[in-house]
Amino acid sequence: MKKNLIRWSSIPEFLAEIQNYNKIVGIAEIARRYFAMNAFDGVLTTIGVLAGNYLAGVRDLSIPIRTGIATSIAMGISGLWGAYLTETAERERELLELEKVSLIDQSDTSIGRASRFAVIVVSIVDGLAPALGAMIVLIPLFLDSLIRNPVLSYVLSGGTALLSLFGLGLFLGKVSEKNLIGYGVKTLLAGIVAIAINFLLGAE
Amino acid sequence: MDMGNLRRIVLDVLKPLEPNIVDLVRKISTLRGVEGVNITIYEIDHHVENAKITVEGNELSYQELSDLIVENGGAIHSIDEVAAGKSIIEEVATHQDRA
């Protein structure tokens with residue numbers, strides 16, 4: 001039997017099917033978790049790349065831009081691959097457990113399709129989140145021709161990174177439905193700690 | 001060929017907890033000929049639950065009903081009661097049924 005992922009003939013039907021899948025296997029929740037975790041990773045890693053370049057005396061911004069992009073690509077691939085493999089393994093195991101108790105082949109039911117769909121969505125989110133986080137932090141470096149001051153670009157990038165971390169904290173606060181600012185401060189603190197340690201170790 | 005007018009089907013189904021019975025009952029109610037559906041859970045396990053699904057209507061299609069249940073991950077354990085014809089006949093008490 002053909003194991004098609006989604007069966008629909010119109011956009012509302014497609015959306016209804018996705019909503020149905022989300023209800024069955026809770027895609028939104030896990031995608032949210034992966035997004036926050038990996039965007040956080042992306043921003044902090046880029047802080048590291050920038051701090052390293054700055055402390056090494058690199059003032060030609062094309063270098064941190066290339067390093068940053070290369071790092072974000074690697075993080076994106078790592079997220080995509082990692083999430084795809086772990087999610088596939090976990091979902092297959094869950095489906096197998098369900099098949100054991102229900103005594104029927106679940107692979108072509110709405111549950112099987114929801115499960116496969118979840119793997120794809122989660123992998124994409126997991127791949128895009130760190131790359132997105134990294135790219136946002138790099139924006140001030142791209143605007144070098146406008147800013148015309150490499151050190152200021154570094155500072156602005158650092159500021160953007162801290163702002164993104166705070167934003168990510170607010171997002172988590174919204175997920176928890178309480179203490180928005182508390183979460184914002186906690187994620188912001190991670191960025192400050194990363195920058196501080198880099199500067200302490202890198203100071204001559 | 002006249003297939004006879006199926007009016008009531010009562011099934012014993014083992015189904016996963018999701019999709020839940022609210023979603024399932026709505027889906028069944030949209031099937032051709034269905035006038036009403038009732039799903040009652042009588043046992044809950046870790047991943048699955050046992051449901052008694054009662055469907056009444058006119059010109060019901062057992063095939064469509066069973067396809068929908070299987071599509072939603074359920075397994076039909078038994079067909080516990082059926083009624084067909086111009087009207088629904090309830091089970092009649094006989095001497096054997098006396099307690």
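Predicted model: local features only at pLDDT ≥ 70, side-chain atom pairs only at ≥ 80, totals over all residues.

Mentor: Residues are numbered from 1 along each chain as its sequence is written, while chains are lettered from A and ligands numbered from 1 in the order in which they are written.

Trainee: What span should helix 6 of chain A have?

Mentor: Helices (H or I, at least four residues) and strands (E, at least two) are DSSP runs, numbered from the N terminus. The expected span is 1.5 Å times one less than the number of residues. For the 27 residues of helix 6 (residues 150–176) of chain A that gives 39 Å, and the end C-alpha atoms are 39 Å apart, which agrees.

Trainee: Which residues of helix 6 of chain A are buried?

Mentor: A residue is buried if 20 or more other C-beta atoms, placed from the backbone, lie within 10 Å of its own, exposed if 12 or fewer, and partly exposed in between. Among the buried ones are Tyr154(A), Ala161(A), Leu165(A) and Leu172(A).

Trainee: And why is Ala84(B) counted as partly exposed?

Mentor: Because Ala84(B) has 16 C-beta neighbours inside 10 Å. Ala84(B) belongs to strand 4 (residues 75–84) of chain B.

Trainee: What pattern does chain B follow along the sequence?

Mentor: The order is β-α-β-β-α-β, with 2 helices and 4 strands. Of the 99 residues of chain B, 21% count as buried.
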